[in-house]
Amino acid sequence: MFDALGTLVRLEPPWPLLAGALASRHGIEVSEEEAREAMRAEMAYYLEHHTEGRDSVTLGELRGRCATVLGKALPEVAGRLTQAELIEALLESLRFVPFPDAATALGALRSLNVRTAVVSNWDCSLGGLLAGLGLSGLLDAVVTSAEAGVRKPDRRIFERALAAIHCVPERAIFVGDSFDVDISGGRAAGIRSVLIDRGASRIESGEVERIFTLDNLAALMSGSPIV
């Protein structure tokens, strides 16, 4: 099982994209710093409220509120754009791309008949996003906090993913990039939890099992601990 953001996909810096979209589509110039602060405000709001995007209707409402937060941080923009245009600019600035090792690793697991799932703090759009990136066909389940009604590190979202792939905790491995959210949550559910440390940050030896790339999954599957 995998986390999404930071594990399978990454978010390109959204503020240059926001500034570019506003300039090219609407002729509105904002500095990258202004765009950065506005996106930080929007992202903070989204992180707090993302579970409200449970279906297409509530997701649309959530995106509208996120656009309002963005507009409040950029009043000169909000005064010239409609709500729909603000939402369009916001969504255009959110560009997710898969890590180079994601499809290869998932494909290798699929060839071994290993069932896989994503467990992520995300709204209900994650499945569609992964499909657009060519990853959903390599997954057996996508479990989001918005649809599950609980967010990581709550053990219940992991238990829902286990049920979706018909697996007991003792036979599962969870890979995520956050100790507090991913590793602690997976451990609470009784799952062997491994940190993917793409930045090779310093971690005290023995604190957590970790890998640096999804190419290390074969070693994980062997059952050998990696530190």
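Reader: Hello! In which helix is the place of Asp-182?

Author: Glad you asked; this is a predicted model, in which local features need pLDDT of at least 70 and side-chain atom pairs count only at pLDDT 80 or more, while totals for chains, interfaces and linings use all residues. Residues are numbered from 1 along each chain as its sequence is written, and side-chain values use heavy atoms, with hydrogens and water left out. Helices (H or I, at least four residues) and strands (E, at least two) are DSSP runs, numbered from the N terminus. Asp-182 has its place among residues 179–188, in helix α10.

Reader: Is Asp-182 buried or exposed?

Author: Buried means under 20% relative accessible area, exposed over 50%, and partly exposed in between, with a 1.4 Å probe and protein chains only. Asp-182 has 2% relative accessibility, so this residue counts as buried.

Reader: Leaving aside neighbours within four places in sequence, which residues is Asp-182 in contact with?

Author: Contact means heavy atoms within 4.5 Å. Val-194 makes a handy reference point: Asp-182 is 12 residues from Val-194 in sequence and 8.7 Å from it in space, C-alpha to C-alpha. With neighbours within four places in sequence set aside, the contacts of Asp-182 are Asp-3, Lys-152, Phe-158, Phe-174, Gly-176 and Asp-177.

Reader: Now some backbone angles. What is the phi of His-166?

Author: His-166 is in the loop between α9 and β5 (173–176), and its 65% relative accessibility makes it exposed. Although His-166 is not a glycine, its phi is positive, at about 55°.

Reader: And what is the phi of Asn-113?

Author: Asn-113 is found in the loop between α6 (102–111) and β3 (117–120). With a relative accessible area of 69%, Asn-113 is exposed. This residue is not a glycine, yet its phi is positive, at about 60°.

Reader: Let's turn to helix packing. At what angle do α1 and α2 pack?

Author: Axes are lines fitted to C-alpha atoms, for helices over the stretch in contact, and angles run from 0 to 180 degrees between N-to-C directions. Angles under 35 degrees count as roughly parallel, over 145 as roughly antiparallel, 65 to 115 as roughly perpendicular and the rest as oblique. α1 and α2 are therefore roughly perpendicular to each other. The axes of α1 (residues 14–26) and α2 (residues 32–49) are 8 Å apart, and the packing angle is about 115°.

Reader: What is the handedness of the crossing of α1 and α2?

Author: A crossing is left-handed if the near helix is turned anticlockwise from the far one by less than a right angle, and right-handed if clockwise. The crossing of α1 and α2 is right-handed.

Reader: How are α2 and α3 placed relative to each other, roughly parallel or roughly antiparallel?

Author: The axes of α2 and α3 are 8 Å apart, at an angle of about 150°. In a right-handed crossing, α2 passes α3. From that angle, α2 and α3 are therefore roughly antiparallel.

Reader: How many residues of the contact of α2 with α3 are nonpolar?

Author: On the α2 side the contact includes Ala-41, Tyr-45 and Tyr-46, and on the α3 side Leu-62, Cys-66 and Val-69 are among them. Ala, Val, Leu, Ile, Met, Phe, Trp, Tyr, Cys and Pro count as nonpolar, Asp, Glu, Lys and Arg as charged, and the others, Gly among them, as polar. The contact of α2 with α3 has two charged residues, one polar, and the nonpolar ones number 10.

Reader: Last one: how many disulfides does the structure hold?

Author: A disulfide is a pair of cysteine sulfur atoms within 2.5 Å. The number of disulfides in the structure is zero.
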